[in-house]
Amino acid sequence: MAPNTNPAAPVPELGEAADRPEGPVAAAILAAGVGAFALGVLTTLAEASEPIKEFLNLYDPVGPLSGKTTGAVIIWLVAWAVLHLIYRNKPVESRLALTVSLVLIGLGVIGTFPVFFQAFAPAE
Amino acid sequence: MSFTHHEFWTLIHGMVLGAVFLLGFAGGLEGLWSLRPHLMTPEGIRGRALRLKIGVTAMAVAAWGTVLTGTWIVYPWYREDVPDSPRSVLLADPATAQWHHFGMEWKEHVAWLSPILATTVAFIVLYYGAGLIRHERLRKTTLALFVLAFAFAAVAGLFGALITKTAPLL
């Protein structure tokens, strides 16, 4: 069988999924950025503030990492749910969502980078 | 030949769940990369999409399994306040202290970005299925997120292996 050489040609095997609105995908991509950013913020805040570090210590054997990661996952899931409700039927392009998300992920990585967040540790 | 309880869970964390994610990356990357109309027959698209759905979903599950076992099972043993815990061993020697201050501190945080991004990739693939072949820009977006998920897991995996080599969890 000859390969399908026309990207625009309708392909029966694709079903209706190909025509779904892009909004939910944009919401998922944006939410991932929000989650990554939240992890970076929580990591840096825990280093900068002893009360926040104690607040994030949900489980002593794990320490504040328990609260940082649980908090980031909750923020990610809530952001995803809210953004999904906003964008679920909208044909928005995910290009802007990816750009915003990559910036947020970059900030999140900076926030989790030891050289950065350890600079906020109180002087001993 | 036997493993201690700690060694068993370290293996599950790194060599089973973590390795499944890292090794699965090559297959997922190829699947996403070649999901293009001029490379595939209509019959091939359907089979490829099904394998891709199963593959990226399994990778997301493996990524979550890796960080959950790492953070909630293995990490407490690593940081235990006893002289022979890996953290204590590393910090006792100035020559190895940076493995904790930089390596472990980065690994334990940045690893969590991987399952979040892997889940996003799995959602996109499950949402569009074979239809992703018609969304060239979105396919590239998915590829970018997939590569990032791998990169963060690779950083965590690399530091995990090096730290375990320097101060094994026994």
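For the residue classes used below, Ala, Val, Leu, Ile, Met, Phe, Trp, Tyr, Cys and Pro count as nonpolar, Asp, Glu, Lys and Arg as charged, and the others, Gly among them, as polar. This is a predicted model, where local features need pLDDT of at least 70 and side-chain atom pairs count only at pLDDT 80 or more, while totals for chains, interfaces and linings use all residues. Residues are numbered from 1 along each chain as its sequence is written, chains are lettered from A in the order in which they are written, and side-chain values use heavy atoms, with hydrogens and water left out.

**View 1. The second largest pocket brings in residues of both chains, including E47(A) and R87(B).** Its volume is about 600 Å³. (A pocket is an open set of points on a 1 Å grid over the protein atoms alone, where a 1.4 Å probe fits, with protein on both sides within 12 Å along at least five of seven lines; lining residues have an atom within 4 Å of a point. The volume is the space filled by probe spheres set on the points, which are joined across faces, edges and corners.) Of the 25 lining residues, E47(A), K53(A), R87(B), H100(B) and E105(B) come closest to the centre. By class, the lining has ten charged, eight nonpolar and seven polar residues. α4(B) gives the largest share, five residues. (Helices are DSSP runs of H or I, at least four residues long, numbered from the N terminus.)

**View 2. Here's the largest pocket, about 830 Å³ in volume.** Look for H13(B), G14(B), K107(B), G160(B) and T164(B), the closest to its centre among 38 lining residues.

**View 3. Chain B meets chain A, with 43 residues from chain B and 53 from chain A in the contact (heavy atoms within 4.5 Å).** Together they bury about 4300 Å², 71% of it on carbon and sulfur atoms. (Buried area is the accessible area, with a 1.4 Å probe, that two parts lose on being put together, summed over both.) Y127(B), R134(B) and R137(B) supply 16% of the area that chain B buries against chain A, more than any other three residues.

**View 4. Zoom in on R134(B) and you'll find its salt bridge with D19(A).** The closest N and O atoms of this pair are 3.3 Å apart. (A salt bridge is a side-chain nitrogen of Lys or Arg within 4 Å of a carboxyl oxygen of Asp or Glu.) The count between chain B and chain A is three salt bridges.

Methods
Helix = DSSP H or I, 4+ residues; strand = E, 2+ residues; numbered from the N terminus.
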